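Grab a pencil and have a go at these exercises before you peek at the solutions.

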Amino acid sequence: MEGPTPVSALIHAATMVTAGVYLIVRSHAVFDLAPTAQQGVTIVGAVTLLFGAVVGCAKDDIKKALAASTMSQIGYMMLAVGLGPAGYVFAIMHLLTHGFFKAGLFLGAGSIMHAMNDEVNMRRYGGLRRELPVTYATFVLAYLAIIGMPPLAGFFSKDAIIEAAFSAGGAEGFVLGAAAILGAGLTAFYMTRVMLMTFFGDKRWAHDTQPHESPPVMTWPMIVLALGSVASGGALTIDGTLQRWLEPIVGTHAIDHTTTAWAVAVGTLAVVAAGTAIAYLRYAISPLPTRAPTASALTIAARNDLYGDAFNERIVIRPGARLARALVAIDHKGIDGATIAVAALIAEASVRLRQLQTGFARSYAASMLAGTALVIAGVFVVTSW
């Protein structure tokens with residue numbers, strides 16, 4: 001997140017998202033023959049989408065909040081590909097629609113930072129919708145798309161994944177579907193939080209800050225991405241466009257509806273509305289302090305990425321470093337030491353053997369005589385037995 005915003009937009013909208021999702025979908029023939037691996041992918045996807053959503057709820061850095069959102073949306077895609085043929089098309093669809101609205105959100109964040117002297121703390125924003133009208137309008141469309149508001153792009157792709165999760169059937173399908181719907185509610189909460197803290201409420205920026213709209217070279221890409229956030233979902237869904245295009249690769253699969261599509265849509269929209277309302281009550285009714293107040297243990301954990309980095313540091317990095325140091329010591333003192341010892345032994349033996357080479361003919365004749373005497377003696381001993 002410390003890199004330039006266009007790079008962040010590219011990574012989070014395309015590169016980072018595409019790699020793993022595309023790999024699994026393209027390797028579907030292998031995963032279709034490994035149900036245990038598929039189940040592992042769905043579990044990782046469900047955990048990831050909730051993990052990223054919870055982290056996003058507590059971030060005050062606008063780019064870090066969007067980064068956590070990317071983690072959550074990748075979780076949706078991985079959940080879909082783990083469902084097998086029922087989810088391959090929807091995973092690719094969400095990958096494409098997410099590319100539009102996430103790139104738009106990141107470029108919008110960059111436009112906001114440009115207007116606010118590179119300030120990233122949303123607690124020092126507020127009331128920017130009048131100062132940045134184009135950025136605000138495009139950000140709103142991307143926001144509505146990511147929370148799944150119909151008829152924008154996210155509604156078509158995310159609701160399809162939720163429906164596919166429920167169609168898995170049994171307890172597994174219920175758990176996966178419930179996790180996906182809960183993630184939709186959390187997405188609505190943290191994205192509404194970003195909107196309210198950035199564009200609404202009192203002006204909380206520094207006195208020397210003069211917010212201003214970005215130049216056309218920055219706003220035009222955001223407008224294009226906003227249009228994609230609106231239209232891409234419908235364009236990929238109409239007449240099964242994407243499904244027919246992917247059919248030669250992943251085949252076709254009709255979802256066994258354990259719930260009707262409209263029931264999933266209504267339930268998801270209800271959860272999204274609840275998440276939006278909670279964020280509104282929390283961040284729009286009362287004044288927002290410029291510094292984060294004392295928070296609960298869960299909020300503190302979310303601000304620290306649920307201690308994922310600390311866990312990796314303690315469980316993986318430190319033991320791994322100790323193991324690496326031990327292996328280096330074994331390599332240097334054991335393997336290299338043995339090699340050096342053999343070389344030293346050969347060198348020492350060569351030095352001592354070289355002393356036998358005097359260059360005097362009489363010495364060599366004496367050696368030959370001694371050798372001949374030994375051979376004769378040996379022969380005599382053997383024949384005498």
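Below are a few exercises on this predicted model, each with a worked solution.

**Exercise 1.** Work out how the axes of helix α6 and helix α8 run relative to each other, and which residues make the contact.

*Solution.* Start with the axes: those of α6 (residues 133-146) and α8 (residues 170-199) come within 10 Å and cross at roughly 170°. Angles over 145 degrees count as roughly antiparallel, and therefore α6 and α8 are roughly antiparallel to each other. Next, the contact: α6 brings Thr 135, Tyr 136, Phe 139, Val 140, Tyr 143 and Ile 146, while α8 brings Thr 187, Met 191, Thr 192, Val 194, Met 195 and Phe 199. Sort them by class and you get 9 nonpolar, 3 polar and no charged residues.

**Exercise 2.** Find the salt-bridge partner of Asp 60 and say which parts the pair ties together.

*Solution.* Look for a Lys or Arg nitrogen within 4 Å of the carboxyl oxygen. Now place both residues: Asp 60 sits in the loop between α3 (35-56) and α4 (62-82) and Arg 193 in helix α8, so the pair links parts 133 residues apart in sequence. The count for the model comes to 6 salt bridges.

**Exercise 3.** Track down the backbone features at Pro 151 and Asn 117.

*Solution.* Take Pro 151 to begin with: a cis peptide bond joins Pro 150 to Pro 151, with omega about 0°. Pro 151 belongs to the loop between α6 and α7 (153-166). Asn 117 is in the loop between α5 (88-115) and α6.

Note on methods
Residues are numbered from 1 along each chain as its sequence is written. This is a predicted model: local features need pLDDT of at least 70, side-chain atom pairs count only at pLDDT 80 or more; totals for chains, interfaces and linings use all residues. Side-chain values use heavy atoms; hydrogens and water are left out. Axes are lines fitted to C-alpha atoms, for helices over the stretch in contact, and angles run from 0 to 180 degrees between N-to-C directions. Helices (H or I, at least four residues) and strands (E, at least two) are DSSP runs, numbered from the N terminus. Angles under 35 degrees count as roughly parallel, over 145 as roughly antiparallel, 65 to 115 as roughly perpendicular and the rest as oblique. Contact means heavy atoms within 4.5 Å. Ala, Val, Leu, Ile, Met, Phe, Trp, Tyr, Cys and Pro count as nonpolar, Asp, Glu, Lys and Arg as charged, and the others, Gly among them, as polar. A salt bridge is a side-chain nitrogen of Lys or Arg within 4 Å of a carboxyl oxygen of Asp or Glu.
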